[in-house]
Each structure stands twice: as structure tokens, then as C-alpha cells.
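User: I'm new to reading protein models. Could you walk me through this one with some questions and answers?

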Amino acid sequence: MTPEFTWLSAIIAFPLIAALAIPVLPDTDGKNVRLYALGVGILEFCLIIYTFATQYEIQNPNLQLVERYSWIPQMGLNWSVGVDGLSMPLVVLTGFVTTLAIFAAWNIKIKPRLFYGLMLVMYSAQIAVFLAHDLLMFFMLWELELVPVYLIISIWGGGQRFYAATKFILYTALASIFILVAALALAFYGDTVTFDFTELGLKQYPIGLELLAYTGFLIAFGVKLPIFPFHTWLPDAHGEAPAPGSMILAGVLLKMGGYALIRLNAEMLPHAHVYFAPVLAVLGVVNIVYGALAAFSQDNLKRRLAYSSISHMGFVLIGISSFTALGINGAMLQMISHGLIAAALFFLAGTIYERTHTLSMDKMGGMAKSMPTTFALFTFASMASLALPGMSGFVGELTIFLGLTTSDVYSIGFKTGVVFLSAVGLLITPIYLLSMLRRVFYGQQSESNGEILVDTQPRELAIAFCLLIPIIGIGLYPKLVTQTYDSTAVAVASHIREVLPTVVAGEGSSLYAQLNDWRSNTAVVAPTIPTKLVSAAR
């Protein structure tokens, strides 16, 4: 199954190997290091695009470019990587955002060798997480990518950087233990010991074990997504991280949680997903409403954007819980869209902080006159975040709503409740975003720093345009992105629905409403639905 050239291993290894040369690179003021790191980032992104353009078949829903080698036989650890529609667009997103984040870190003066070295190591680790097809390898890479983020926040962050970095590592590293425990339980069950995703998905687990493993994964991935109430590390991390770190946090790291929920929870443990899908939908609603309300109360610009991210990631949970290909398609589109929009907003927030040396919106104001270009770019990104039609955010959220409302699994009452409460969050979103624009750019010019504010420079303008152009492109022509994963989304949804009974088509019919018909008529081997979830869905 291994191709003639190991494309995926090359994509993973190139930034890591390139990082090893940074300590010996001739440099005195950091210029050579940053040019070198940017060059590596661009070459890596070009390698990603070339590989998927020439070696990857978009219409093929199966795993492609599979590479499998025995790594540490004593531990049963294999180097196993592959790519499909779930991972390919997220790898492209990772390469795009990380390369721009390296370009955004142009003014780093403190320990530039260490900073750019960590950025390249993180580049490799993030891509490897999306390509890993061995659960033990996945866990190790999941842990590895936490270290550079911790160091970037703790060394180059704000005044409370040590607190924020410590909180980040404690939440994410401790939650990762659940991945290891669940992985070992699944791997050692049955006659064979394996960590391979495909082989694990073929095992027939007792429903009790499947539920426990699903719970462990949900906790671990819920912290990274993040899901309420495991979200509190994110506003602190964003509030203290440098702009490049925030770009990667929002643009890439949060997407690992959503990707893993689809890959491991929904696809590998479909029976347990029947139990938990309504719970995910409810948690998604809580995220949307709570995140929007909490964002409205924040004075710190980056903390407001962080809570906005929590709110927007709630839509991903609803899409995953929908039992439809359209819903999963929407969840993927929402992750990609939010990755671009959030990276743009946090980058622009970083440019404002460099001029004003504050993130308090009360100390800003009237900046539209002195920084008109920044005002226009920030307004554009904010409109995308509030899901203005014609931009990627609108298409993603609309697709998720359509995926849920067209689902034949849930009752009309349950779907109505989810959509109605989610709409409340949608109504709050423009309020806190427009309020943010008013406080930062309108009103009386603040004179607290006594400095002349310099508008967006060419380098910053280039970064912003690189992020905003695809937001418009996806909004006007969603197929630009959806065609890369549509066939895989259909396959995943079909796999999940195999454990559901055949339900008589008709208005208002649902799995929960016709539970007795299922028990009496279906021969499908699947767990019964808990009474509490039946009541909740009704």
C-alpha cells in the first residue's frame, strides 16, 4: 500500500528537519532566521499543494497515499499515515495559516531562533496529527504539538503569559490522558492488538466499552475544540499569546478537536454515537449561546474574539450530531471557514496591539480616522464572522442548519428547539461584533499612549488579503472547498447510519418517535437508545 514516493512522510518531515538547521544558521539580528523560516513555510505549503493536486483523487472517499512502517514493534507502534477527505482540506488549512503566521511574526526580536524553530516543529506536528492513522502515534503527536504552543505563550506572551501557558498545558495535557486510556482499551480488546484506525473500526465492541471510549475521547477532544465547560483555558491563552500564536490556536488547533470527533468518535464508534449525538447537539447549542453572551461582556479585544470562537465551534458539534452527510459537510466547512476568519481577526487584533500597546477596548476608540485600512479589513473580517451572506461563514452555518433540519433521526420538537436556541446565538453575534467595531474604531480618539498610530503596512496588508480572499471565494463558490471532502462526508454519514434502523419515511418520522417499530421490525445489530435521550429528543 506504500506509494513509490513517501509523499505524506515528506510533508511531515520537511519542516522538522529544516528546524534542525536554525541553531547553526549564520545570523546576528534575526533577519536570516525569519527569511529562512518563511522560505521553509512557503516550500512546505507548495509541497502540500503539489502532492494533493497530483497524487490525490478528490472523488475517492477511501484513504489514499497510505504509508505504513513498523516503528517500535515492542510497543506495537507503527508509522501509519494516510489522507482522505476529512484530513486533506485541514492539512491545506494548516499549511496556509501556519505559513502566514510565520510571516506575521516578522517583528519578533526576543530569541528569534527559538521562536521560528518552534513554529516549524509545530508545523510538522499539526500536519502529522491530521495524517496519522495509528491511534498510539496519534496520541504522541497530539501531545507533541502542545509543547511549542506552551513555550510560545510563556516566552513571547503578555503580562499574564505564565498563568495562561500553564493553564493551557494543564487542561490539554491532562485531558489527553483520556485518549491514551481509551486507545489502550480499544486496542487490547479482542483477539488481536492493534492501534490502526481501520482495524479498530472493524472490531465489534461491547456497547459498554464503546460508550466509555467515546466518553474519554469526547472529554479530550472537547477540551481542544473547546466545549463548555472545558473552555476556560482558551480566552486566557488567546489573551496572552502573541498574534502568530493566536492565529495558529484559532486557525488550526481548535480544528483538531472537531476533526478527531468525526474521525474517532463518530466514524470509529458509531453505536456509541447514537447515544451521544443528541448530547453533542445540546452541547453545541450551549456553546453557541454561552460563547456569544460571554463575548459580549469582554473588554479585552482578543478575549472577545476567543469567546466568539467558542460560540462558532458549537455549530461544528451540531453538524457532527446530525446523522446526515449535509451536516458533516457543514461541520467541515465551518471548521475551514472559521480557521480563515479567526486567523484574520486575531492577526488584525495583533496589529492594533502593536500600535496601541493595549487590548482594552475602553482605551481605544476613534481609530478609523488614523487607521482607515485596518478599519476596513477588520470590518470585513467581522462581517464574515457574523455570517454575512456572500462570505464563507454564512455558507457553513446554513449547511449545518440544513443538515440538522433535514435529518430523519430527530423529532420535530428536538430539531425546532436546537435551531431556535442556535438562532438566539446568531442574533447576539452581530451585537457583540458591531459593538466591538464601534468601541475600537468610532468615537473619540484615545490619547492614552500619546503615539501616532501607523496604518496597515504592505506586509500586513498582504497577510490580511491572503486570508480574506478565500473567505469571499468560499462564500461565493462553496464547491471550491466542499468538493474536496464531499464524497468522504457521504461515506462517513452512511457508515454512521448503518447502525440505525430503517425508518418509514414521512413527515415527523424519527428514530426516537418510532422506537417500538425499530425494536420489533429491524434486524440491525445496534444498541438501544437510552430512555433519557429519548425523552430529551422528544
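This is a predicted model: local features need pLDDT of at least 70, side-chain atom pairs count only at pLDDT 80 or more; totals for chains, interfaces and linings use all residues.

Analyst: Residues are numbered from 1 along each chain as its sequence is written, and side-chain values use heavy atoms, with hydrogens and water left out.

User: What is the mean pLDDT of the chain?

Analyst: pLDDT is the predictor's confidence in each residue, from 0 to 100. In this chain, 91% of the residues reach 70 or more. The mean comes to 88.

User: Which helix has the lowest mean pLDDT among the elements of the chain?

Analyst: Helices here are DSSP runs of H or I with at least four residues, strands are runs of E with at least two, and both are numbered from the N terminus. At the top end sits helix α3 (residues 88-104), with a mean pLDDT of 96. pLDDT stays under 50 over residues 514-538. The lowest mean, 35, belongs to helix α23 (residues 531-537).

User: Is Val-83 buried or exposed?

Analyst: Val-83 lies in strand β2, and its contacts (heavy atoms within 4.5 Å) include Leu-8, Phe-52, Tyr-56 and Leu-131. Buried means under 20% relative accessible area, exposed over 50%, and partly exposed in between, using a 1.4 Å probe and protein chains only. Val-83 has a relative accessible area of 0%, so Val-83 is buried.

User: How far apart in space are Val-83 and Leu-65, C-alpha to C-alpha?

Analyst: Leu-65 is one of the residues that Val-83 touches. In sequence, the two are 18 residues apart. In space, their C-alpha atoms are separated by 6.5 Å.

User: Which residue forms a salt bridge with Arg-263?

Analyst: A salt bridge needs a side-chain nitrogen of Lys or Arg within 4 Å of a carboxyl oxygen of Asp or Glu. For Arg-263, the closest N and O atoms of the pair are 2.6 Å apart. The pair links distant parts of the chain, with Arg-263 in helix α11 and its partner in the loop between β2 (77-83) and α3, 179 residues away. That partner is Asp-84.

User: Why does Asp-84 count as buried?

Analyst: Go back to the cut-off: buried means under 20% relative accessible area. Arg-263 counts as buried at 6%. Asp-84 counts as buried because its relative accessibility is 3%.

User: Which residues join Arg-355 in one salt-bridge network?

Analyst: Glu-460 lies in helix α19 (residues 458-476) and Arg-355 in helix α14, so the pair ties together parts 105 residues apart in sequence. Both Glu-460 and Arg-355 are buried. Through shared partners, Arg-355 is in one network with Glu-354, Arg-459 and Glu-460.

User: Which helices do the buried residues of α21 pack against?

Analyst: Helix α21 covers residues 486-497. Its buried residues include Ser-487, Val-492 and Ile-496. They pack against α11 (243-266), α12 (270-296) and α14 (325-356).

User: Is Ile-177 buried or partly exposed?

Analyst: Ile-177 lies in helix α7 (residues 161-188). Its relative accessibility is 45%, and the in-between class runs from 20% to 50%. So Ile-177 counts as partly exposed.

Technical notes
The expected span of a helix is 1.5 Å times one less than its number of residues. Lists of a residue's contacts leave out its neighbours within four places in sequence.
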